[in-house]
Amino acid sequence: MLSPSQYQEKMRELRAQPYWWDMPDEAYKEMEAVVGPDKITREKAVRQAYVGRGYARELIWFSGQAYPPCCVVQPETTEEVAEIVKICNKYSLPFNPCSSQWAYNANPRFRPDQVQIDLQRMQTLEFDKKNLFAKVGAGVRYGHFCQAAFDNDCYFINTGGGSAACVVANHTVWGCSPLNYRMGNAERRVLACTWVTPEGDIVRTGSWAGKDTSAENGFWGDGLGPNLNGIWRGHIGWFGAMGIITEMTVKVFSFVEDAKNVMVPEGVSPNTHLAFKSKRVAWQNYVLPSRQALEDVMYDLSHAQVGAAMTKVPVFWRIIAKAQDKEDFWERWSGTTKEDIDNFHMVRILLIGFTNDEQMDYERAVMDEIMAEYGGKATRTKPSDESWFKNADTAGMWMMTNGYSSCEAGIECLRCTYETGKLLGKRLWEAYTPPFMPEYGDPGWFQSNDFGHSSYLEFLVYMNVEKCDPISPAYDPEYIASMISWYFEETPDIDAQTGFLDFFAASCLGVLYQGPSFSNYQVWTDRFKDMFDPKTLSNPPAPYDPEFVTEMLPPFMLNKSRRKMRSIERGRSMLLQ
């Protein structure tokens, strides 16, 4: 193991800039006057707490490019946020907004001079039960929000990433859950919102535009067609590079009566779940005889508009659910073969009788009839939930190897989802196993969204994280080169073949690598950034973080990516100028 001094020296070698940076005293004093001395600090111990956090942190941490902010400020109101952003513009200080810090983009990286704008004090949470919408501040997390929904006999999505993620931040990016099947995708749930632009202007959209921001008039978005949401949100999200959303109203959905007593927490962490205390809420698993039958049944059930969620179940999910620890998992997984994967076809369906018992009976009857047509067999299924309503079992997803890469995630049509998963599974098995965990060609997990009008695919790759960490004695440059190559080049190349637009671009995949395959959308990214953030202060270098990682990797890695990045069509470059 490395000693503390050896560890510090290794990190110094990896960094491109000095670790600590002192902001101008004048700027600090002006920010302090806005929020008060108890909500801003330059103390190093506090600043250090914001270093290298969030999903996919290994891209920044393992390359030594995680830095502390130059100060941390915690505003409580939109007006305070706007004033802080204006001060940053006055002194040309880059700023970084965060709430739950779920993703690494919510922390400084590549440079030490960013102001950390922490929104966790913005805890507004108001429900309009009659009209089914809720006003949410940027600091409200899914765990609290989902419980508040139950308290109002409503329900809402909980992200697969966990109930610790924040509602507003998640809706500025992906907003995905199996419950998107009936609720629709994130852009359809966002109603009114408040946006602080990269230069500090306050813009209100929907029925908040030009009016006060009470919950009573936050009930409507911008209407049909292109709107302001398409600027601050885009398709995959700006990751803080287009200013800050401080509050929004989101559409919530009616649920069974007395929901907080029907969805009952049970167990002791980490073995917890929500028990269903009503016959009007149930999961049901079905085993299908073939891959084609599974694909077709998703089409037909979506067309019939029954169920509240519908997902394909991978084999290793079931083993994770049964395993008590890593050793137990590998003992169970060691007997798995490619034939097991090829011959296992399971779909998991959530049924909810939203209105009464008769609706529940009707939806189950329709589902059983369609399943009988395709030879689907119902299996015994627990009357409880560990992920999608309120809780989060995501810690179990790390069980096998202590880490994984969600190298593919996005929303497209069902056909595109099916074909992309097959190609990814085949490529991973034939060319990258080993070094990665054997998945035997599994095509990933996917779900139907918006009653089949779209679908979600996620493809996980499991790797030995000890071999990826440059300060670990087990570090293996060839191993990390394989992972980076798969992540940055193989996945987007397959996407280009199928037309699947991965929304991990800007967080894990290069916009400049993927964009040319999708109408050169990087040109539009540059144009919007130039117009709304001419000083490039809003969370730089987002949305080009993966491009920075590519440039900082050893020269034997990703030469194909480097060549492509430097030759594609651009607007006025925000990165390679």
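Helices (H or I, at least four residues) and strands (E, at least two) are DSSP runs, numbered from the N terminus. The model is predicted: local features need pLDDT of at least 70, side-chain atom pairs count only at pLDDT 80 or more, and totals for chains, interfaces and linings use all residues. Residues are numbered from 1 along each chain as its sequence is written, and side-chain values use heavy atoms, with hydrogens and water left out.

On a 1 Å grid over the protein atoms alone, a cavity is a set of points where a 1.4 Å probe fits but cannot get out; a pocket is an open set with protein on both sides within 12 Å along at least five of seven lines; lining residues have an atom within 4 Å of a point. Points are joined across faces, edges and corners, and a volume is the space filled by probe spheres set on them.

The whole structure holds three cavities of 30 Å³ or more. Helix 21 (545-552) and helix 22 (559-565) each supply at least two residues of its lining. Helix 21 gives the largest share, three residues. Phe488, Gly510 and Tyr513 are among the lining residues.

The largest cavity has about 60 Å³. Strand 21 (residues 454-462) contributes most to its lining, with three residues. Trp445 and Phe459 are among the residues that line it.

Now the second largest pocket, at about 470 Å³. It is lined by 18 residues, and Glu187, Arg188, Val190, Asn227 and Asn229 are the closest to its centre. Helix 9 (186-189), strand 8 (190-196) and helix 10 (229-232) each give two or more residues to the lining.

Next, strand 6 (residues 133-137).

Two strands pair if DSSP finds at least two bridges between them. Strand 6 runs antiparallel to strand 5 (residues 125-128), with four bridges. Phe133 is the bridge partner of Asp128. Four residues separate the strands in this hairpin, where Leu132 takes a positive phi near 60°. Strand 6 also pairs with strand 10 (residues 244-251), antiparallel, over five bridges. There Gly137 stands opposite Glu247.

Finally, an open sheet of four strands has the order 1-2-4-3 and mixed pairing. Strand 1 (40-41) and strand 3 (95-98) stand at the edges with a single partner strand each, so one side of each lacks a neighbour in the sheet.
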